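Trainee: I would like to learn how to read the features of a protein model one at a time. Could we go through one together?

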Amino acid sequence: VTSVQQSSDIDLFSDAQLEEPYGVFTAIRESAPVVWMSAHQAWASARYGVARSVLRDWETFSSAQGVGLTPELNAMLEGTLLASDPPLHDQLRGILSARLAPKALRSATDFIQREADDLIAELSSVGRFDAISDLAQRFSLGVVSELIGLPEEVRGKLIEWGDATINLLGPLNGLAQTSLPVAEEMFVWLQGVVKSDLVEGGMGRDIYEAAEAGKIDQASAAPLLSAYVAASLDTTTSLLGLAIGLFTEYPDAWRRVREDTATIPSVLLEVARYASPVQWVSRVATVDTDIDGVTIGAGQRVILLLAGANRDPSHYEDADTFDIDRKPVDHLAFSYGVHSCAGQGLARLEATCLFTALAPRVASFELAGTPIRKLSNLTRGWQSLPIQINPA
Amino acid sequence: MRLSLDATRCEGFGYCENEASDLLHLDEAGDLVMDVEMLDEQQSVRAQAAARVCPVGALKVVQD
């Protein structure tokens, strides 16, 4: 049992912690509303109520000073969607939500379902494969490259670029060091992108057209494109892989999904709550303030451990139990408030299409080897998940 | 009491509709439409639930 007081020197980003984070999240949650993490010079909270109220109050807890843990990354993020408050935030978000809001995604549904059906038809005949590289990654990469309208020559780079970029949000540990040159390669490419590089009608080209039309600054175009590139892959891949992993562990849950595929969206809510593909976000206090009796100084950073908040037993009964009847509509896996994931509708749609394709063909999933955790400074998921599917 | 919508934030996720389909709905275009102006006591409970599940916090129950 890990014991944490109101301050702690635990490294939230050590390999051991990233492998198995929940023990420390529980200890942090139980010891105080917010705990000072000396290794990160920031507060951290694993309580549902704290996370929700901090994320709702963007005026007191701002994103504009950056949402990463290093000054270097935060300098690079200046003026981007992730690292801005309203009104700039709303202007940038509007460009993405014009394509990512549920009503805008209707026109993409048939395409995504077809991609899922084709891939699952192919994998069903194989039977044994890696649920990450052969399925989750391949599916989300195919969908996202097409929707953004990226040139062929960069599609093969997308997975490593996305992984590298999100690793930079954490401290400058080994993962971040290794990621620097890879992310650099993406930034160099982004700076050189012109409208005609991107497929007409795609989400990427829309950004450059919005810049031409004066809806956003020219300088905001490349960072917005990077929001698509960096945020759309590892997150969704993690969600899909975690879901399949849970179905290998809970075959009865999968059996029930197959009996009533209308439950897929609500089962996915529980997957997101229980497994939290994105583990944390952070904000900076703009004024001296108070969180449940703990004084937070102006300029201090607060890390909201979404994964810990999603397991808070004061909000979810038997919070450490995976329960597909729970329907946790208020989970925080996509964060909450003005910065609530802009791509959550697409992530849900991709996942719903994929499991809709799997349900009629797959009676059960079984592990066919030892799964390997993917270590990331932001997300939690599988690097490799060898499975065998038993045909229906 | 009434339910106030910040239309610039609403992206039409529609979770609110599951909580209070008598108070608001997504129209055919996918835009949220408020169906009730003033809330009575019972409606305000469902309105709170609808506000609670909005991912972007676009809904609020306000006292006039």
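Trainee: Which residues in α13(A) meet residues in α17(A), and which residues of α17(A) do they meet?

Mentor: Please keep in mind throughout that this is a predicted model. From α13(A) the residues are T236(A), L239(A), L240(A), A243(A), I244(A) and F247(A), and they meet A347(A), E350(A), A351(A), L354(A) and F355(A) in α17(A). The residues of this contact divide into 9 nonpolar, 1 polar and 1 charged.

Trainee: At what angle do the axes of α13(A) and α17(A) cross?

Mentor: Helix α13 covers residues 234-249 of chain A and helix α17 covers residues 344-358 of chain A, and their axes cross at roughly 40° where they come within 10 Å. The crossing of α13(A) with α17(A) is right-handed.

Trainee: How should I read a salt bridge?

Mentor: The general idea is that side chains of opposite charge can pair when their charged atoms come close. Over all chains, this structure holds 22 salt bridges. One of them joins R205(A) to E209(A), with the closest N and O atoms 3.4 Å apart.

Trainee: Why are R205(A) and E209(A) separated by about one helical turn?

Mentor: Both belong to helix α11 (residues 203-212) of chain A, and they are separated by about one helical turn because they stand 4 residues apart in that helix.

Trainee: How many salt bridges are there between chain B and chain A?

Mentor: There are 4 salt bridges between chain B and chain A, including the one in which the side chains of R9(B) and D90(A) meet at 3.0 Å, taken from N to O. On the side of chain B that touches chain A, the elements giving two or more residues are α1 (15-19), α2 (41-53) and β4 (59-62) of chain B. The residues of that side divide into 8 nonpolar, 3 polar and 8 charged.

Trainee: How many residues does the contact take from each chain, and what area is buried?

Mentor: The contact takes 19 residues from chain B and 23 residues from chain A, while the two chains bury about 1,600 Å² between them, of which 43% is on carbon and sulfur atoms. Between these chains there are also 8 residue pairs in polar contact, counted with both residues at pLDDT 80 or more.

Trainee: Which residues does a cis peptide bond join, and where is P87(A) placed?

Mentor: The cis peptide bond joins P86(A) and P87(A), with omega at about 5°, and P87(A) has its place in the loop between α4 (71-77) and α5 (88-100) of chain A. For another backbone feature, look at D292(A), a residue other than glycine whose phi has a positive value, near 45°. D292(A) is found in the loop between β7 (289-291) and β8 (294-296) of chain A.

How values were computed
Residues are numbered from 1 along each chain as its sequence is written. Chains are lettered from A and ligands numbered from 1 in the order in which they are written. This is a predicted model: local features need pLDDT of at least 70, side-chain atom pairs count only at pLDDT 80 or more; totals for chains, interfaces and linings use all residues. Side-chain values use heavy atoms; hydrogens and water are left out. Axes are lines fitted to C-alpha atoms, for helices over the stretch in contact, and angles run from 0 to 180 degrees between N-to-C directions. A crossing is left-handed if the near helix is turned anticlockwise from the far one by less than a right angle, and right-handed if clockwise. Contact means heavy atoms within 4.5 Å. Ala, Val, Leu, Ile, Met, Phe, Trp, Tyr, Cys and Pro count as nonpolar, Asp, Glu, Lys and Arg as charged, and the others, Gly among them, as polar. Buried area is the accessible area (1.4 Å probe) that two parts lose on being put together, summed over both. A polar contact is a pair of N or O atoms within 3.5 Å; within protein, one must be able to donate a hydrogen and the other to accept it, and residues adjacent in sequence count only if both atoms are side-chain atoms.
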